[in-house]
Amino acid sequence: SRVRLLSRLLERDPLHFDRSALTPATRETLEVFETMAALRSEVSAEAFGSYVISMTHSASHVMEVMLLARQARLLGRREDRSWYCHLSVSPLFETIDDLNRIEPVMRDLFSNPTYMALLKAAGNVQEIMLGYSDSCKDGGILASSWALYQAQIKITALTAEHNNECRLFHGRGGTIGRGGG
């Protein structure tokens, strides 16, 4: 599976490749992670908060971000082979379908030993962002409220089952009609 492949790549040293062969968008994405690493070392270890992954549809979306962070040395292995992880990742579940998919996506991550080791190294707190605006636009106020409620129950039970702490980030921005409350 894609998650297993990404896990194997995370176990290795950062990948080497010809940057000139990358698209401008890909180079820009890598530069974002490199800037985050530079800010962390030059300004403060707390220079930035969680990295939010919009439209998280699968566990591989989270693992792809972890691989990009590995390239910038925001995470990796120490000489004693223990993990370090200086990146908190917050998958964002926005639509009704995303909210209904939250349990299988997070279960895939929590059953992955590499991800769990990185989560533990980062403080053992899984942050998840819940999107109110898109779910409300997607399914209406009642369907959105019910899906958000169900997602919160599922994710708090799942994180407890795996001995992780859970932080829910409620993305309630916008107007009342868009889910702002």
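This is a predicted model: local features need pLDDT of at least 70, side-chain atom pairs count only at pLDDT 80 or more; totals for chains, interfaces and linings use all residues.
## A first look around the model

W146 counts as exposed because its relative accessible area is 54%, and exposed means over 50%.

Next, the pocket. The largest pocket holds about 250 Å³ of space. Its lining takes in 18 residues, with H86, L87, S88, V89 and A122 lying nearest the centre. Helix 6 (113-121) and strand 5 (125-131) each give at least two residues to that lining. What kinds of residues line the largest pocket? Eleven are nonpolar, four are polar and three are charged.

Now for the salt bridges: the structure holds eight of them.

| Salt bridge | N to O distance |
|---|---|
| R2 and E64 | 2.8 Å |
| R70 and D13 | 3.9 Å |
| R107 and E103 | 3.2 Å |

The bridge between R2 and E64 ties together distant parts of the chain, since R2 belongs to helix 1 (residues 2-11) and E64 to helix 3, 62 residues apart. R2 is exposed at 54% relative accessible area, while E64 is partly exposed at 25%.

R70 and D13 also meet in a salt bridge, and this pair links distant parts of the chain too: R70 sits in helix 3 and D13 in the loop between helix 1 and helix 2 (24-42), 57 residues apart. Is R70 buried or exposed? R70 counts as buried, with a relative accessibility of 6%, whereas D13 is exposed at 60%.

R107 and E103 are both in helix 5 (residues 102-110); they are four residues apart, so about one helical turn separates them. R107 is partly exposed at 32% relative accessibility, and E103 is partly exposed at 28%. E161 joins E103 and R107 in a network of salt bridges.

Finally, a word on backbone angles. Most residues other than glycine have a negative phi. M55 has a positive one, near 55°. M55 lies in the loop between strand 1 (51-53) and helix 3 (59-71), and is partly exposed at 32% relative accessible area. R81 has a positive phi as well, near 75°. Look for R81 in the loop between strand 2 (75-77) and strand 3 (83-85), where R81 is partly exposed, with 46% relative accessibility.

Key: Residues are numbered from 1 along each chain as its sequence is written. Side-chain values use heavy atoms; hydrogens and water are left out. On a 1 Å grid over the protein atoms alone, a cavity is a set of points where a 1.4 Å probe fits but cannot get out, and a pocket is an open set with protein on both sides within 12 Å along at least five of seven lines; lining residues have an atom within 4 Å of a point. Grid points are joined across faces, edges and corners, and a volume is the space filled by probe spheres set on the points. Ala, Val, Leu, Ile, Met, Phe, Trp, Tyr, Cys and Pro count as nonpolar, Asp, Glu, Lys and Arg as charged, and the others, Gly among them, as polar. Buried means under 20% relative accessible area, exposed over 50%, partly exposed in between (1.4 Å probe, protein chains only). A salt bridge is a side-chain nitrogen of Lys or Arg within 4 Å of a carboxyl oxygen of Asp or Glu.
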